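Here is a brisk tour of one protein model. Keep the sequence and the 3D view side by side as you read.

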Amino acid sequence: MTVRVVIADDQGMVRSGFGVLLNAQPDIEVVGEAVNGEEGVRQVAALRPDVVLMDVRMPVMDGLEATRRILADAAEDAPKILMLTTFDLDDYVYAALRAGASGFLLKDASATELADAVRVVAAGDALLSPSITRRLIAEFSRLGGPRAPTPARVDELTGRETEVLALVARGLSNGEIAERLVVAEQTVKTHFGRILMKLELRDRPQAIVYAYEIGLVRPGD
């Protein structure tokens with residue numbers, strides 16, 4: 001299956017450079033480009049890509065608002081949004097994850113890192129580095145306590161699923177969680193898939209945000 005990509009960035013060099021690198025991959029095709037968020041929303045609606053590379057800072061409409069509109073409009077067949085940043089401790093991390101972004105990619109990423117990132121989010125996984133997770137936790141620490149407690153939905157989880165969600169929120173990978181719980185990594189993946197389904201969450205970043213917002217885990221735990 002070919003992964004169809006739209007690139008939204010106001011810098012022509014970034015669009016053309018990423019386009020060349022991605023089109024050189026046998027399983028990835030750049031189907032459209034946009035110079036700002038507003039055009040990005042239109043391109044996504046018209047082209048229905050699998051992945052959108054979205055710059056955070058753009059004129060007319062920034063990447064955060066464009067991400068919100070794309071995910072609100074597309075519903076079930078929404079593309080995965082990969083935010084483009086100049087450094088991985090960007091002030092927009094928290095807002096981008098709340099908007100529904102599936103991960104972050106530095107603009108100076110190598111061809112291999114770029115292609116791998118597109119494949120990872122297209123497969124439904126999150127691209128969330130340890131430094132991004134630390135930044136997210138720091139932001140929750142700054143904001144204070146739980147923002148939107150909804151214990152009823154958490155009650156739908158089994159004890160093991162709640163345990164897995166807490167470990168995901170602390171930034172552990174599936175492999176690390178499997179080692180901690182002494183289970184197979186596939187078992188962790190199964191638990192996490194059920195967590196997303198029961199809580200109606202899109203991916204790992206949303207699960208981390210959710211866990212902190214309901215107070216399941218707190219900064220410093």
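Which residues are buried in helix H8 (residues 159-169)? They are Glu161, Val164, Leu165, Ala166, Leu167, Val168 and Ala169. Bear in mind that this model is predicted. After H8 comes Gly171. The phi of Gly171 is positive, near 95°.

**Helices H9 and H10**

Two packed helices are described by the angle between their axes and the distance between the axes. Helix H9 covers residues 174-181, and helix H10 covers residues 185-199. Their axes come within 8 Å and cross at roughly 110°. Angles of 65 to 115 degrees count as roughly perpendicular, so H9 is roughly perpendicular to H10. The table lists who makes the contact.

| Helix | Residues in the contact |
|---|---|
| H9 | Asn174, Gly175, Ile177, Ala178 |
| H10 | Glu185, Val188, Lys189 |

By type, the residues of this contact divide into three nonpolar, two polar and two charged.

**Asp55**

Now to an annotated site. The unreviewed UniProt entry places the feature "modified residue: 4-aspartylphosphate" at Asp55. Asp55 lies in strand E3, which spans residues 51-55. Is Asp55 buried or exposed? Its relative accessibility is 5%. Buried means under 20%, so Asp55 counts as buried.

What does Asp55 touch, not counting residues up to four places away in sequence? Its contacts are Ala8, Asp9 and Asp10, together with Gly63, Leu84 and Lys107.

Conventions
Residues numbered from 1 in each chain as written. Predicted model: local features only at pLDDT ≥ 70, side-chain atom pairs only at ≥ 80, totals over all residues. Heavy atoms only, no water. UniProt positions renumbered as here; feature names shortened; annotations may be inferred. Helix = DSSP H or I, 4+ residues; strand = E, 2+ residues; numbered from the N terminus. Buried < 20%, exposed > 50% of the residue type's maximum accessible area, 1.4 Å probe, protein only. Contact = heavy atoms within 4.5 Å. Axes fitted to C-alpha atoms, helices over the stretch in contact; angles between N-to-C directions. Parallel < 35°, antiparallel > 145°, perpendicular 65-115°, else oblique. Nonpolar A, V, L, I, M, F, W, Y, C, P; charged D, E, K, R; others polar.
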